[in-house]
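Colleague: I have just opened this model and would like to learn how to read it, one feature at a time. Could you take me through it slowly?

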Amino acid sequence: MAQALIRDIIKQEGPITVERFMALALGHYYAKGTAFGRTGDFTTAPEISQVFGELIGIWCCLAWEGLGKPDPFLLVELGPGRGTLMADLLRAAKAMPGFLEAARIHLVETSPALRQAQAKALPSFKPIWRDRFEDAPQDLPLILVANEFLDALPIRQFVRTASGEVCERLVALDDDDRFVFALSPETIPGCALPAHAAQAQVGDVVETCPQAAKLTRDVAFRLGKDKGAALFIDYGPGESGVGDSLQAVKGHSYARILQDVGEADLTAHVDFAEIARQARKNGVLVHGPTPQGVWLQRMGIVERTRQLAANAPAAARDLLLSGSRRLIEPREMGTLFKVLALTSADSPAPMGFESI
Ligand code: SAH
């Protein structure tokens, strides 16, 4: 389906940017809603351990307390997947009197199948679904969480060519109608690229994510205007760099990007330094990026896991312990994944980050 549609577009309009290709392929991929878990293509942190969402729930409660317990306030999740993180977050938040009653829950999700899964995971809550963050109501303090959302936003890729110029990477069709990468015939002016593009050698790829930059500006604007806090968790380096990070994953293994189009997950590293720059430019405080393992340990993952494990049957205990290890160990998700918080200017320092 996705393959035929994208082929038709390229035949009619010529080669398309990697950004458009990624948006089209992912639109089809997430619409199916079968991405997650053992039988799907990948497993995310909330699907690995309930403790992940619970600790984020505690973080949200403390952020809410720091804001003076506003009632009502907006609780937004971007890209909630199967709704597991929000379900765990809300269960943990029961411990904070008033939080659940005050929360107006808005879920930003484009996939109809995943919206259904989220409704099923949150039976006693009445979330409102939105296609875009901008559609969430204004004038309420905002607490926002997003796990592995930014990595699904489409990226642009630029390549420094042998002649020293920069071209955009495109997706075209070869003579047998197979997808192939190509370069734009026209060159891209240096001023259109981020500063770190200057380090690029011949053949190097430089990536930008215009949608992530815009989202950050929109969230920062809201936090400045209405107060609040946002927590982004994703994978990527702490410093902006050069290199091709676009990857496809299918059935828990790497796949070829141009092969299983619409059938594999496509993600790219999140440029946390760029997210931080966009946020600062728009007047909010930036905390982190902090490695996920460090942040979870500061949030008490070890103690909470031990407490749960002590009362669990043997099989569940092993899963809890191995799940937490996977989330915090440097060789697993502890270092590559990072946590970044944004807060409105006069908010107290959020939990889990060194004071700034
Ligand atoms: N946060 C979840 C799921 C991560 S996968 C977890 O940790 O398990 C990415 C999620 O973002 C999916 O729910 C997908 O449907 C949604 N998504 C991807 N691109 C989107 C976009 N442009 N707008 C809204 N939702 C999007």
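**Reading the model**

Modeller: Leaving aside its neighbours within four places in sequence, Thr216 is in contact with Ile275, Gln278, Ala279 and Leu342, where contact means heavy atoms within 4.5 Å. This is a predicted model, in which local features need pLDDT of at least 70 and side-chain atom pairs count only at pLDDT 80 or more, while totals for chains, interfaces and linings use all residues. Residues are numbered from 1 along each chain as its sequence is written, and side-chain values use heavy atoms, with hydrogens and water left out.

Colleague: Where is Thr216 found, and does it count as buried or exposed?

Modeller: Buried means under 20% relative accessible area, exposed over 50%, and partly exposed in between, with a 1.4 Å probe and protein chains only. Thr216 is found in helix H8, and at 1% relative accessibility it counts as buried. Helices (H or I, at least four residues) and strands (E, at least two) are DSSP runs, numbered from the N terminus.

Colleague: How should I read a pocket, and which element gives the most to the lining of the second largest pocket?

Modeller: Rolling a probe the size of a water molecule over the atoms shows where empty space is left. On a 1 Å grid over the protein atoms alone, a pocket is an open set of points where a 1.4 Å probe fits, with protein on both sides within 12 Å along at least five of seven lines, and lining residues have an atom within 4 Å of a point. Grid points are joined across faces, edges and corners, and the volume is the space filled by probe spheres set on the points. Here the second largest pocket holds about 520 Å³ of space, and of its 29 lining residues the closest to the centre are Glu207, Thr208, Cys209, Asp271 and Glu274. Strand S9 (205-208), helix H8 (210-226) and helix H9 (272-281) are the elements that each give two or more residues to this lining, and H8 gives the most, with four.

Colleague: How do I read a sheet, and in what order do the seven strands of the open sheet stand?

Modeller: Two strands pair if DSSP finds at least two bridges between them. The seven strands follow the order S4-S3-S2-S5-S10-S15-S14, with mixed pairing. Strand S4 (128-130) and strand S14 (285-291) stand at the edges with a single partner strand each, so one side of each is left without a neighbour in the sheet. The twist averages 15° from one strand to the next, where axes are lines fitted to C-alpha atoms, for helices over the stretch in contact, and angles run from 0 to 180 degrees between N-to-C directions.

Colleague: What covers or partners S2 within that sheet?

Modeller: S2 pairs with S3 in the parallel sense over six bridges, Leu74 having Arg104 in S3 as its bridge partner. Four bridges join S2 to S5, again running parallel, and Glu77 has Val145 in S5 as its partner. Six of the six residues of S2 are buried, so this strand is largely enclosed by the rest of the structure.

Colleague: How many residues of helix H5 are buried?

Modeller: Seven of the ten residues of H5 (residues 84-93) are buried, among them Leu85, Met86 and Asp88. What covers these buried residues includes helix H4 (50-66) and strand S2 (73-78).
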